[in-house]
Amino acid sequence: MKSFRPPMQKSYRLAAAIAAAALTNVSAYAAPSGVMGPKNPPASPGKPAPDASFLVHGNKVPLASYGGQPLMIWEVATWCGSCKAGLKAFAHHQALIDKSNLKVLVLRDYKNGGYPGITIRKFAGEVAPSLLKDPHFVFGDATKSLAAAYNPHHYVDIYQLIDAQRHIVTTSAAPSVTFKRIEAFAKPGQK
């Protein structure tokens, strides 16, 4: 015997199916597009660091303004758990960085890795507020040109260590896991 379903119940099921299909399509576009950067990428020592600019409080800052100083350019997404762990690692090792000449540029990925999120300063304030007042750390946003020069594969949580002569020494990811590389680069007196 066939069960009787009122027409209204069929329309609810149809509406639910349409809504589920729509949510699937919306979430496909809203999902983060970036992938994690490789922890052990091919070495790039000696490669000249491209000049580019990033934004701090909406103002363009050229990388060239840090000439003669070792730099770390770290692109993060504010929704990224690994990036959060990296900020915590820096806060834990803040004294080590403060004894060095290293300037750490913490830049929110261009378009935040394809997903909306909070600002880089709010992210840092929630995760490692002491870094916001530390002169060794600069928080800003990657520009399209900086992302093209330093992160053409659109990785999330990727960094470059750049020596005082403006050469890329290392490209890596996930500072919470690869901090020994950063520590070796940032030895007190490193130039």
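Trainee: Hi! Where is Asn 151 placed?
Mentor: Hello! This is a predicted model, and in it Asn 151 sits in the loop between helix H5 (144–150) and strand E8 (155–156).

Trainee: Okay, and is Asn 151 buried or exposed?
Mentor: Asn 151 counts as buried because its relative accessibility is 4%, and the cut-off for buried is under 20%.

Trainee: Which residues does Asn 151 touch, leaving out those up to four places away in sequence?
Mentor: Asn 151 touches Glu 75, Asp 109, Leu 146 and Ile 158.

Trainee: What lies 2.7 Å from a polar atom of the Asn 151 side chain?
Mentor: That would be the backbone oxygen of Tyr 155.

Trainee: Switching to the sheet, what order do the strands have?
Mentor: The sheet is open, with eight strands in the order E2-E10-E9-E5-E6-E7-E3-E4, and the pairing is mixed. At the edges are strand E2 (47–48) and strand E4 (59–62), each pairing on one side only.

Trainee: In what sense do E3 and E7 pair?
Mentor: Strand E3 (residues 53–56) and strand E7 (residues 137–142) are antiparallel, pairing over two bridges. Leu 55, for instance, has Asp 141 in E7 as its bridge partner.

Trainee: Nice. And which strands does helix H2 touch?
Mentor: Helix H2 (residues 81–92) packs on the sheet and touches strand E5 (71–76), strand E6 (103–108) and E7. The direction of H2 makes about 145° with that of E5.

Trainee: What about helix H4?
Mentor: Helix H4 (residues 120–127) packs on the sheet too, touching E5, E6 and E7. The direction of H4 makes about 140° with that of E7.

Terms used:
Residues are numbered from 1 along each chain as its sequence is written. This is a predicted model: local features need pLDDT of at least 70, side-chain atom pairs count only at pLDDT 80 or more; totals for chains, interfaces and linings use all residues. Side-chain values use heavy atoms; hydrogens and water are left out. Helices (H or I, at least four residues) and strands (E, at least two) are DSSP runs, numbered from the N terminus. Buried means under 20% relative accessible area, exposed over 50%, partly exposed in between (1.4 Å probe, protein chains only). A polar contact is a pair of N or O atoms within 3.5 Å; within protein, one must be able to donate a hydrogen and the other to accept it, and residues adjacent in sequence count only if both atoms are side-chain atoms. Contact means heavy atoms within 4.5 Å. Two strands pair if DSSP finds at least two bridges between them. Axes are lines fitted to C-alpha atoms, for helices over the stretch in contact, and angles run from 0 to 180 degrees between N-to-C directions.
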